[in-house]
Each structure stands twice: as C-alpha cells, then as structure tokens.
Amino acid sequence: MLGRNKIEIKTSDQIAVMREAGLVVAQTLQLVADAVKPGVTTKQLDVIAEDSIRSAGATPSFLGYHGYPASICVSINSEVVHGIPGPAVLDDGDLISIDCGAIVDGWHGDAALSVPVGNVSAEVQTLSDVTEKALRAGLAAAVVGAKLSDIGAAVESVVRAQPHHYGIVVDYVGHGIGSAMHMPPNVPNIGPAGKGPTLVAGMALAIEPMVTLGSAEVDLLSDDWTVVTADDSIAAHWEHTVAITEQGPWILTELGNATR
Ligand code: MF3
Ligand code: CO
C-alpha cells in the first residue's frame, strides 16, 4: 500500500501504459485546439474531446471526478483553470486554456495548453509563450538526482526573467500522477531550488504553470470549480505529464516523442 505522502514509482511497463494515455491526451488536445475559432461554444469542444478519448479506447478522467461534469476544462481569459464547458461562445481575441485527462488500463495522462482564439494581442500571446517556455524549463529540470523544488525554481526563473511583471499562481500546483490523476507530491511553480525529495527514475509528474498578466491572487466562482484571477487579468496555463527516466525527462503527453 502506498503511504499517504509516498511518491509512486512506476515500472517501465507502467510508464509505457502512461505513455499510451498521454498520447490519447495529446491527440485529443490537438483535435480540440484545431476546432478553436470565434463562434464555437466550449461545450462543442467538450464533445470533440470526449469522442476523441473514447474512440481511442480510453476513459476521460475528468468526467465525474469529484462530480466534475465534463471531459475537459476550458478556461477563458481571466479564468485560470477548471472552467466548465457550456454555452459560452469563443470570441476573437480570447485566450483559452484547454485541460484534458485520460485513463488507459488504470494509468493516467494529464496535459493542458493555451490557445488564442482568432487574433490575440501581442501582450496576451507573449503571456502564453512565456508560460509554455516556463513549462519547458520545468520539464527539463525533471531529471534523476534533482530535487523536486528545482522544477518550480526553473519555472519561476523563466517567468521572472521577463520584462513584464507576471503573476505566478501558487494556490494551485502540479502533482504526481500515475495510478490516479492527483497523487503526491505537490509540484509548485516557484522555488527556491534544492528542496524536497530527490527525483528518481519511475516517478511521473504533471507540471502545470499558471501565469497571469496581473495578480497571482485567485478566486473560486460560485460553481465551485472555475478559478479566476482576483483582478480579472488574463491567465495562461500549460501542462505536461513527464516521466523521470535514466535517459532524461520523457514528456508522455507530447506527440512524436520517441519511445524508450
Ligand atoms: N487536470 C487538472 C489538473 O491539472 C484537474 C482537472 S479537475 C477536473 O490537475 F475535475 F476537471 F477533473
Ligand atoms: Co494536472
């Protein structure tokens, strides 16, 4: 039995199944992102996602999770994460984040990306680009022998190297993942480096920076799901599931990334 704070260590066969789940997530996110344009509702995106996950023979992990009513989260503009798909219509200039999870044979994949709707301002595109770059830095820090907090330190340093003073959300964090979507450890998006458990091969983490154009402070809407910025500033969210391997970080939710 896995202790409450113990980090699950996967065999390479189990990681291979997580890769299958990760590929379902990656393919689904690509399909959904391709469907994003002004006039589309977030519910339409959810239908595309659920079809994609199920036709791959996988199960949507979000649907029914603590009562969550959809297969993806779609968070528009000042919504940071956990926006519920519904009648909301996408508008030119919006930035939306799409978060998706799938299960194959009991093993999970989880990823998110931010997508511009039509033409977004340079400021908003840069916000998304910086958040993705911060995610990349966090993923690159997920190596055998590193400390857990080296990941958050890498994320933070990319964001703090920018001329704009962005908010880095700290109330929500990344997480361990494997036989469940959310497992120990928490994976914060800030440092300092050099703290926490040492990373070993067989761990898998979902790294997911949430960055805003303004305040890092967030509120929960009355639907008890949607997380919004306290100052209504626009937010971006990028996420990948990564396995720590002797050969380096393996981004399981990215297409076209060789097997190991
Ligand atoms: N995938 C989200 C995360 O990154 C969790 C979504 S909660 C759900 O941790 F209820 F929508 F599933
Ligand atoms: Co996640």
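Me: How far apart do the centres of the positive and negative side chains lie in the protein chain?

Reply: The model is a predicted one. In the protein chain there are 13 positive and 30 negative side chains.

Me: Which radius of gyration does the globule rule give for 260 residues?

Reply: The protein chain contains 4 helices and 15 strands. Its radius of gyration is 17 Å, close to the value from the globule rule, so the chain is as compact as a globular protein of that length. For 260 residues the rule gives 18 Å.

Me: What percentage of the residues in the protein chain is buried?

Reply: A residue is buried if its relative accessible area is under 20%. The protein chain has 260 residues, and the buried share of them is 53%.

Me: Of the contacts between residues at least 6 apart in sequence, what percentage joins residues at least 24 apart?

Reply: A contact here requires heavy atoms within 4.5 Å. Among the contacts in the protein chain that link residues at least 6 apart, the share joining residues at least 24 apart is 70%.

Me: Against which elements do the buried residues of α4 pack?

Reply: Helix α4 covers residues 149–160 and reaches 16 Å from its first C-alpha to its last, close to the 16 Å expected. Its buried residues are S149, I151, G152, A153, A154, V155, V158 and V159. These buried residues pack against α3 (122–140), β6 (167–168), β8 (183–187), β9 (204–207) and β10 (210–212).

Technical notes:
Residues numbered from 1 in each chain as written. Chains lettered and ligands numbered in written order. Predicted model: local features only at pLDDT ≥ 70, side-chain atom pairs only at ≥ 80, totals over all residues. Heavy atoms only, no water. Helix = DSSP H or I, 4+ residues; strand = E, 2+ residues; numbered from the N terminus. Rg over C-alpha atoms; globule rule 2.2 N^0.38 Å. Buried < 20%, exposed > 50% of the residue type's maximum accessible area, 1.4 Å probe, protein only. Lys, Arg positive; Asp, Glu negative; His and termini not counted. Charge placed at Lys NZ, Arg CZ, Asp CG, Glu CD. Expected span 1.5 Å × (residues − 1).
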